[in-house]
Amino acid sequence: MEASLKTEKLSAQIKTPGGEVTLTREQILLDYRLANQSRIASVVGRREVLTGKAKFGIFGDGKEVAQIAMAKAFRPGDWRAGYYRDQTFMLATGMTTLRAFFAQLYADADIDHDPASGGRQMGSHFATRILNDDGVFLPQVDLKNSSADVSSTGGQMARLFGLAYASKLYRESEALNEAAADFSVNGDEVAFGTIGNASTSEGVFFEAMNAAGVLQVPMAVSVWDDGYGISVPNELQTVKASIAKALSGFQAGRDGPGIDIYEAKGWDYLSLCETYITKIERVRATHVPALFHISEVTQPQGHSTSGSHERYKPKERLEWEAANDCNLRMRQWLMGENLVDPGELEEFENEDKRIVEQERKAAWDAYQAPIREEADRALLVLRDLQTESGSDELSALIKELEQPTELNRKLIHSSMFRALAALPGRTDLDSRQRVSQHLGSFRQANSERYTSHLYSSSKESPLRVPERSPVYSENSETVDGSVVLVRCFDHNFKKDPRIFVVGEDVGKLGDVNKVFDGLQDKYGELRVTDTGIREQTILGQGVGAALRGLKPIVDIQYLDYLIYALQGMTDDLATLHYRTHGGQKAPVIIRTKGHRLQGIWHTGSPMGMILSSCPGIYLAVPRDMTRAAGFYNTFLMSDSPAVVIEVLSGYYLKERVPDNIGSITVPLGVPEVLRDGDDLTLVTYGACCRIALEAAEDLAQLGVTIEVIDVQTLNPFDLNHVIAASLKKTSALLIVDEDVPGGASAYILQKVLEDQKGFELLDSAPATLSAASNRSAYATDGQYYTKPNKEQIIEAAYSIARERNPDEFPEIS
C-alpha cells in the first residue's frame, strides 16, 4: 500500500490554474528545495556578516518562489538586468552557484571563485562572463546572460531597455543576419528586468517603460513588491500604492501599442509558473513589453544587514509577513496536496542545510587559503628581520599576523610596512631589504588584483588602433565641417551593419547641425533613429545594444544635457569592464557637442565633471570635424566606451575633406603641436585651439613666441609626454580651459606637474586661464566675458613673459 502511494506521488502531475502548464511532482519538489536552499543561504549570509566574516549583506529572501517561476521562462540567449535580490533566479538559471554566492559575500578576488566581479562588488551583485580571456565576445546565443548589477536603485533599467532594443534590431534588420550569428536568433531573446517596488519611483524606470512601449521591444520587467522601500511604505512611494495601477495608462489595447501588465502574488507558486511561462512567450513572439507586478512579497530579514525592519514595520505587518512567507506557503501547499510526507520533507530540508553549509565552508576555505599562504610568506621575511634587528616592536607585529582577529591582505601589507617604518634607514640589515622587496611585489600583485581592467587591454583596444593620417589631393573638396562628418558616418554605415545612431533629431532632421543629413533616407530608420527626449535611456539603448555585439553611437544633443545621462555613465558604463574584472564590455560612443553656443544651457564645458566621474570612458575633445571623424573611426574599430565632444562653433567653418575620410584615425593620448614657440607652452583643446592660434599670431608681433599644443584627448592624456618635452624648451606653462576654474585645468596640471615631473622644468609658476565660475551669459558680450578669449590669452601669456624678463617686455595693460 505504501509503495503504491509513493509510486502515485512520483508520477503525479499538477496543472496550473488556467490549465496551460503541467508540472511534475519531481519538478515541484526540486523547486521547493532550491527555494529552501536559497533561503538558508540568506540566513547564513546574514550570520556571516554579523559575525564579521563578511562586510555587508543584502539578500533575496522572500522572493524565492516568484524567481523560480520566472527562471522557467529564461532561455539561452536571453538577458537579465536586475538588482541585488535575484539570487534565487540566478541559482535557478544556473548563472551562479551557492559557492560563488558566498565567495562574493566574502570578497574573494579570484574570478574562478567569484566570476561575477572577482571580489569587486558586494554580495548579490550578479553578472555572467561574456568575454573570453582575450576580451573577445563569447557566443551569447549559447549562454544564459546577466549584465552586471549596479547598486544605484533603478540604474539597471536604462541598460535593460537597450538589451531588449538589440533584439528588435536583430529581428528587423536583414543586414544584421550574418553579424548576428553569435548574438541572436531572429531577435527572439527576451531581456528580463527586475526591480524593487520603491525603485519604480525613479525617473529612469518611467523613462524606460515609456521607451519600451513606444518602440515595442521584448522587455519583461518584474517588480518585487514587498510593500516598502527600506522604511518608506508604498503609500508614500507610488500613486495608488501600486505600480500596476500607476502604469495602467501604458496598457496596450485598442487605443494603440503599449505594454502588457500582469499581476500575481509572490507566494502563489502555480499561478506564478503559469503567468511567467505563458506570458514571456508572448513577449518573445510579439515583442510587446510586459510588466509583472508581483505583490504580497515579504522580506523576512529586512532590507539588509545594516538595520532591522522591526524598527519601522507595525506588528500587524510583521505577523502578516510571517504567515505569508512564500516558502512557508509553498511548504503548506505541498503538504496539503499530499505531494510529500512530513518525514521526507524534513529529510530534504536537513539535507539542504548540509548542502548550503558545505558550499559556504568551501567558499570560505578557498578564499582564506591563498591569503594564509601570503601571510606565511610575509612572516618568513618578518621573522628574519626580527631576528637580525632584535626589535621588540617587530615581535608584536609578528604575533598580530600569526594570530589575527581578521586575516586579510590589508593586515599583511600593513605589517610589512610598519616593520620597515620601525627601522628607518637601517641599510645594514639585509633582511630589511628582503622585506622591502617582498612588500613591493605584494603591492604590485594587489594593484593588479584590485585596480586592473578599468580599460580594455584586448587586441581591439583603441590604444592599439594604428594612426592613419588624412590624405589630400587636388580633388579634395572644401566644405562645411558638418559635411566632413556626414561623409565619415556614411563610410562607416556602409561598411558595417552593426553601426547605428540613436538620439534626438538625428533622423528626419539629420541632426540639428546636419551631420547625419540624408543618412536616414539612405540607411533606414533602424540605423539612424529619432528618439524622444530621454537622455538616460538613449545612453541605456546604446549600453545594452553594445553588450550584445552592436556598435551604437548615442547622440546627446548638447554637452549641457550630458548631465541627464551622467548616472548611467558613471555608475554603469564607466565601471562595467572594471566591476566584472574584464568579464563584460560595452563599446558605446557617446557623441555630443559643446563649448560655445548661446546662453547658460548651451555653452557648458563640464570636463572636470566627466573626468572625475567617468574613469573607464575615454574622452576625446577634437578641435575640428576632421579630427572628430578620425576619433569616430578609431572608436568604431575598437571595443571601449568613449565620449567625443565636437566643437559647436565648427560646423560651418570650412575644412577640406580627406580622400580617405572613412579610414583616417587619430591616436588616443597623443597631443599635436599646432605652433612652435620658445617663450611659453600653451596647452588647450577643442574650441580654444583656434583662439589660441589667433592669440599666438598677435603675441608674435609683441615678441613672444608660444608653443600651442592641442591635447586632443583628455583621457588618456599625453601618453608620450609631449608637453614635458615642450617645457624643456620653454620652461613656462599656460593652460587654457573652457571649464570652470579648477575643472579640467586642475586635472591637466596634475598630469603635467606630477605625472610628467613638469615642475622640475619650470622657472615660473604655472598659470591657468579658464571660464568664469558662473555659467556663460547670453549673446556675444556675455560669452566674451565668461569664456577664455583672445585678449585674455594674450594678456596672460605676455604677463608670464614679462615676469621672466621685464626689461624686454614692457607693460601693455
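**Note on cavities and aromatic contacts**

1. A search of the whole structure, which is a predicted model, finds 5 cavities of 30 Å³ or more. The largest cavity has a volume of about 120 Å³, and among the 15 residues that line it, Gly155, Ala158, Gln567, Gly568 and Asp572 are the closest to its centre. Helix 6 (156-172), helix 18 (535-547) and helix 19 (566-573) are the elements that each give two or more residues to this lining, whose residues divide into 6 nonpolar, 6 polar and 3 charged.

2. The second largest cavity holds about 80 Å³ of space and is lined by 14 residues, with Leu454, Ser456, His577, Gly616 and Pro641 lying nearest its centre. By class, the lining of this second cavity has 8 nonpolar, 4 polar and 2 charged residues.

3. Turning to the rings, the structure holds 26 aromatic pairs, one of which joins Phe101 and Phe102 edge-to-face, at 5.2 Å centre to centre and with 80 degrees between the planes. Phe101 is buried, at 5% relative accessible area, and Phe102 is likewise buried, at 0%. Ring pairs also link Phe59 with Phe101 and Phe102 into a cluster.

4. Phe631 and Phe635 form a stacked pair, at 6.4 Å centre to centre and with 20 degrees between the planes. Because these two residues are 4 apart in helix 22 (residues 625-636), about one helical turn separates them. Phe631 is buried, with a relative accessible area of 0%, and Phe635 counts as buried at 2%.

5. Two contacts between a charge and a ring also deserve a look. The charged end of Arg329 sits over the ring of Trp267, 3.6 Å from its centre, while Lys585 lies over the face of Phe137, at 5.1 Å from the ring centre.

Note on methods. Residues numbered from 1 in each chain as written. Predicted model: local features only at pLDDT ≥ 70, side-chain atom pairs only at ≥ 80, totals over all residues. Heavy atoms only, no water. 1 Å grid on protein atoms, 1.4 Å probe; cavity = no way out; pocket = protein on both sides within 12 Å on 5 of 7 lines; lining within 4 Å. Points joined across faces, edges and corners; volume = space filled by probe spheres on them. Nonpolar A, V, L, I, M, F, W, Y, C, P; charged D, E, K, R; others polar. Phe/Tyr/Trp six-rings, centres within 6.5 Å; stacked < 30°, edge-to-face > 60°. Buried < 20%, exposed > 50% of the residue type's maximum accessible area, 1.4 Å probe, protein only. Lys NZ or Arg CZ within 6 Å of the ring centre and 35° of its normal.
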